[in-house]
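What follows is a walk through one structure, taken part by part. Please keep the sequence and the 3D view at hand while reading.

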Amino acid sequence: MENRVNIYTDRVRFPVAEDLYGLFFEDINRAGDGGIYPEMIRNRSFEDSLIPGGCTTDPDQMVYINRGGWPGCFNHGEGMDEWAAKVPYTPVPGWYSENASMTVDTDETLNSKREASLLVNFTEGGRIFNIGYAGMNVEDGASYDLVMFLKTKKDLRLTITLESPAGEVFAEGTVQTGDSGEWSRADLRLTSKGTCRNAWMAITSPSAAEICFGYTSLLPEDTYKGHGLRKDIVEALMATHPKFLRYPGGCIVEGMSIETAMRFSNTIGDPWERPSHNLMWHYRTTNGFGYHEFLQLCEDTGMAPLYVCNVGMSCQARVSELFDEETVDEFLEEALGALEYALGPADSKYGAMRAAAGHPEPFSMKYFEIGNENHGPEYNERYEKFYKALKAKYPDVIYISNTHTEDAGLPTEMADEHYYNAPEFFMENDNRFDSYDRSGPDIFLGEYAVNGGNTIASMECALAESVFLAGVERNQDIVKLTAYAPLLQNSDYTAWRPNLVVFNNHEVYGIPSYHAISLMAANRGKEVIETEVTSPRVPPVYFGVPGIMSAGPGVQFRNARVNGKPVAVSQMVYGGCEEKDGTFTLVSADNPHPMTGKNPVWNETFEKFMKSGFFPGMTAGEDNCWAVFEGEDLEEYTFEIEFCCRPEDQVTLSIWNYHPDTDAGCNEPKDVRWNLRSVRNQIWRIESGKGTLQAPSYMQRGEIPAVELDIDYSGFNTYRIEARHDGYDCFLNGKLVQSKRHTLHDTLYTVATQDEEKVILKLIKVGETADVRITLDCEVEPDYKVQTLSAPLDAVNSFENMENVSVRTRECSGASSDFVFRAEENSVNVLTFKKK
Ligand code: AHR
């Protein structure tokens, strides 16, 4: 079949959505303090070792566990195991001492918002030092501002140095302590006489003394527009042409307990007055990049602010705490307060705080999201309360529901959808929004990323996302906003992969998706016009082995065969399996999962959590059984099995069970074997005499279609799945009963826009290089511009090769109303034609 694109400039579909491409900032991977907020001192508030609010820890304080049983890495406050392993143990994360002793003091704190201070007993010449976020970056000639609160009864001149681990001093200054015994503030500007990427800051006392430090901050003087944020990071973000900024999360909005749920009021005012709290991404933040900084950044860059508030419940993916009515009301007040801070007059309560922070005029607030990834009746009820109250007071703001609340009959202006999935999902869903009800709410694609498959942060991911985004652009009459997630990754503190922008303490680069998004967002046009596309279509390729799962013990099976040949169980993922005379019975068993990279307490807690049956669509309970059969990973095969169960048993046959070895998503424990979250497969679920071919997910809308099955529950029935490239057929006792057809992928995807002078064609070529015939219904100049992102599918960017996958621009000639363009294999292209 010919690769062909017909462009019709006279068939205008709709104007482009002005804010389509934006950013989603969440403090994950230490993206806030030590990231976009360039604090150089790690644990500036000395609170990192405090147990996260609402959680308990094991006796060794390696793991915290929330009230619902969700575990997270703690390591005495160092965070993830990998982070802790890189530094020597210290009871005060980030801080070390020589000839001095350090104690975290929770009684004598700087103010009522601080929960700890650092009590130091220096001997003569003793010192304490902070190693920053994997070292501090000090640059030749650059200045750094120290703000320190301390109290002591001995008047001393402390020496402050920025120095290399080998002791080379790059900057030095002194502060006088005073002897009042009361808290006092010391300020010092340090200017470096050299460059060092792994410097420390040391505080040295000339004589023996007891000093209590309440808060200690070191920030570069040179920041983005002088408003306190790290320049190179903000500039990298701006190169993606973002039109809005979603903030502050993400799951951190919800928190893992009531105590750790986000409150905007904790993120405003002087930094030393902002309470800190643990994020569920395994570290504590002092909220340096707070609400005011968010609004200021939006103002400085022209991005529309999109704030997300907590709706009165903690994270449902981590066993939610539903806050009582009074607390829900408190969170509603927080939401109203946030709006007042942004929009209220300077004489209102929060407007006055904004003015005190240097911004008497209101900021703007275009979008406001009510909750993050919440769902169910508990959410709906809270959403309705928030929506009504917020809309009544601030009617001009566009409110976003974090799910499809219109399905529950609630007023919904815009609904947020999140997609993290394998490349195939994004390819199959390029037309996802074609069928959305145009009388329904607008859509916000609030979080998306290819985070599963054989590669990670690669060209393959960027390609699949671009296909999806082209589909979004063809539907931008309804999809109004999109944001890749997560945004930032401090490479020394990775808790999630992939992330759009990676940085260390002095460098920044974008992954291939960053370059694809920048390319798409830079070339927008004014209105979407119609294109017709033809290209060869190909099926997705799935591979893997078959399996059988039951929600409880007692199911019996026999004669498992692949392509007619008997196959044995290769592993029991959950439960056990007892054999007698060729018949196997699934039984409960205490088969612990050896998790990798984490400690035994975490592993045990997580294993329990995994089997709690909590995850929607995953009905694994304590008694869950899951057998996987031996064999090679096959693409096309027949799997046959006889099993006997009761109507109330839930039995799931699966094909293409596959365990990707990419380390994507949260760095929660990785199971060296398989678990329900990490294995990808396709299923046939049999329960109560019915079969379904899809597992429900929380984003599922409407009913999952089920088919009545004629099962003889008195004995064994034979089930067969014929897996082919184009889908799979399910047979019961030799009779075809259910089928699923895969969506075939196009190999060419396009969207076209235009303005008065230009026609812009976005053309994504999947698979091999091909000649594409392009026709236009108007005359264009022969010279045209081509911008291309193309690389081997597994190509990635890195600190060593930051632009390995990046856009190339060519000036080409030969365009006409009918011409041939050679599209490189696996490429994202933008062709810009000048109208004659
Ligand atoms: O982007 C990372 C996380 O993914 C977000 O916090 C959450 O909203 C989603 O589950």
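**Helices, ligand and loops**

Helix H10, residues 512–522, is largely enclosed by the rest of the structure, because 10 of its 11 residues are buried. The model is a predicted one. The buried residues of H10 are Pro512, Ser513, Tyr514, His515, Ala516, Ile517, Ser518, Leu519, Met520 and Ala521.

Another helix to look at is H4, which spans residues 291–301 and is mostly covered, with 10 of its 11 residues buried. The buried residues of H4 are Tyr291, His292, Glu293, Phe294, Leu295, Gln296, Leu297, Cys298, Asp300 and Thr301.

The next stop is the ligand. Which residues surround the ligand? They are Glu26, Gly250, Cys251, Trp281, Asn372, Glu373, Tyr420, Glu447, Ala485, Pro486 and Trp496. Sorted by class, this shell holds six nonpolar, two polar and three charged residues. In the side chain of Glu26, an N or O atom is 2.6 Å from an oxygen atom of the ligand. For the side chain of Tyr420, the distance from an N or O atom to a ligand oxygen atom is 2.7 Å. The side chain of Glu447 likewise has an N or O atom 2.7 Å from an oxygen atom of the ligand. Taken alone, the ligand exposes 280 Å², and the protein buries 94% of that.

From here, turn to Glu39, which is found in the loop between strand E2 (23–24) and strand E3 (56–57). Is Glu39 buried or exposed? Its relative accessibility is 3%, so Glu39 counts as buried. The side chain of Glu39 makes a polar contact of 2.7 Å with the side chain of Arg44, and a polar contact of 2.6 Å joins the side chain of Glu39 to that of Ser217. Leaving aside residues up to four places away in sequence, Glu39 touches Gly34, Arg44, Tyr133, Thr216, Ser217, Leu218 and Leu219.

Strand E3, at the end of that loop, belongs to an open sheet of three strands in the order E3-E4-E5, with antiparallel pairing. The edge strands are E3 and strand E5 (71–73), each of which pairs on one side only. E3 is joined by two bridges to strand E4 (residues 63–65), and the two run antiparallel. Thr56 has Ile65 in E4 as its bridge partner.

The last stop is Asn559, in strand E31 (residues 556–562). Asn559 has a relative accessible area of 39%, so this residue is partly exposed. Asn559 and Glu642 are 83 residues apart along the chain, yet their C-alpha atoms are separated by 6.1 Å. The side chains of Asn559 and Glu642 are joined by a polar contact of 3.1 Å. With residues up to four places away in sequence not counted, Asn559 touches Glu640, Ile641 and Glu642.

Technical notes: Residues are numbered from 1 along each chain as its sequence is written. This is a predicted model: local features need pLDDT of at least 70, side-chain atom pairs count only at pLDDT 80 or more; totals for chains, interfaces and linings use all residues. Side-chain values use heavy atoms; hydrogens and water are left out. A residue is near a molecule or strand if one of its heavy atoms lies within 4 Å of it. A polar contact is a pair of N or O atoms within 3.5 Å; within protein, one must be able to donate a hydrogen and the other to accept it, and residues adjacent in sequence count only if both atoms are side-chain atoms. Accessible areas come from the Shrake-Rupley method with a 1.4 Å probe; for residues, only the protein chains shown count as cover. Ala, Val, Leu, Ile, Met, Phe, Trp, Tyr, Cys and Pro count as nonpolar, Asp, Glu, Lys and Arg as charged, and the others, Gly among them, as polar. Helices (H or I, at least four residues) and strands (E, at least two) are DSSP runs, numbered from the N terminus. Buried means under 20% relative accessible area, exposed over 50%, partly exposed in between (1.4 Å probe, protein chains only). Contact means heavy atoms within 4.5 Å. Two strands pair if DSSP finds at least two bridges between them.
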